[in-house]
Amino acid sequence: MKVLLLTGLGALFFAYYWDDNFDPASLHGARVLLTGVSAGIGEELAYHYARLGSHLVLTAHTEALLQQVVGNCRKLGAPKVFYIAADMASPEVPERVVQFALDKLGGLDYLVLNHLGAAPAGTRVRSSQSTRWLMQAPPSWPWLSSPANAPTLSSERSPSPQAPPLPTKAFTPSPSGLGFLLRPVTRSRHLQMNFLSYVQLTSSALPSLTDSKGSLVVVSSLLGRVPTSFSSPYSAAKFALDSFFSSLRRELDVQEVNVAITMCVLGLRDRASAAEGVRGITRVRAAPGPKAALAVIRGGATRASGVFYPWRFHLLCLLRSWMPHSRAWFVRQELNITTPAAA
């Protein structure tokens, strides 16, 4: 019986991943805003889009690395490549980045969100105190990290902080959660970089994506679907991304807004910083960056709701709901809990 069940599951997965209607020509001339391109999968995404003839606006925090990627994209044949150095931990930056892309490209067909803030040291040393990192405040709101700096409250009820107005050009549907999430009091530095900046970029780009019937592509992680040990700040942000964009997909669907949302569940990235951050903690092998990037591009171009790379992650995510105890066992096998924590 178990053999038949596993055989049936294997056949279903084979049929699912074999059905591929990806047409590379569809990306020629496509207008793409891509974040987090200085290294890793973001860099590989930029190179794939360049080879396919897309028009690009690239952004990352480090300008020197960004310029190198831009130069390589031009060598690979990208018709148009623009860049803007940006720190997504600054709340005013995401809207400015989208406006820059709209000015340079005249609109957007793809918004590909890939940027990621640095992991807290507590994640690597396996300290539960790393959860405090979630509430580290960005420079604009010091009262989140230091109560002494908090605004004083009078006996009268103060008005709630005003959320930035949502774009309205050619976009009448208004996803309900954006205003609340963008209130300053809701933010922390970690959540601003790894979650709220995604919301801001989406909010600013939705009018143009609605006009072009475009696509949102969100590069996330297995830790946004399956929780594991010693990753609470990172997992919190990734779970938030998954929940937000899944809900947004439903809202756009019921309002008949033809914007696709593709959530990409990826494994460990094959870059030095990622490997060092989990050295001695996990036995998971890094996925090849170029292949993972191509899987992301295929998913976005075919307007798939989800991309799993490696493909076995899809099965692991299903196990989370079907057999939670088995899922916990599989996750535990990937951890090297015998390695002593760093001091």
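Guide: Thr-59 has its place in strand 2, residues 55-60, a strand being a DSSP run of E with at least two residues, numbered from the N terminus. The model is predicted, so local features need pLDDT of at least 70 and side-chain atom pairs count only at pLDDT 80 or more, while totals for chains, interfaces and linings use all residues. Residues are numbered from 1 along each chain as its sequence is written, and side-chain values use heavy atoms, with hydrogens and water left out.

Visitor: Why does Thr-59 count as buried?

Guide: Buried means under 20% relative accessible area, exposed over 50% and partly exposed in between, with a 1.4 Å probe and protein chains only. Thr-59 is at 1% relative accessibility and therefore counts as buried.

Visitor: What lies 2.8 Å from a polar atom of the side chain of Thr-59?

Guide: That is the backbone oxygen of Ile-84. Ile-84 is also among the residues that Thr-59 touches, as are Leu-34, Val-37 and Val-97, not counting residues up to four places away in sequence; touching here means heavy atoms within 4.5 Å.

Visitor: Which residues touch the most other members of the largest nonpolar core?

Guide: They are Leu-45, Leu-56, Leu-58 and Cys-73, out of 35 residues in that core. Such a core is a set of buried Ala, Val, Leu, Ile, Met, Phe, Trp, Tyr and Cys residues joined through side-chain atoms within 4.5 Å. A second, separate core of 34 residues includes Leu-33, Leu-201, Phe-244 and Ile-261.

Visitor: What makes helix 7 mostly covered?

Guide: Of its 24 residues, 19 are buried.

Notes. Helix = DSSP H or I, 4+ residues; strand = E, 2+ residues; numbered from the N terminus. Polar contact = N/O pair within 3.5 Å; in protein donor to acceptor, adjacent residues only side chain to side chain.
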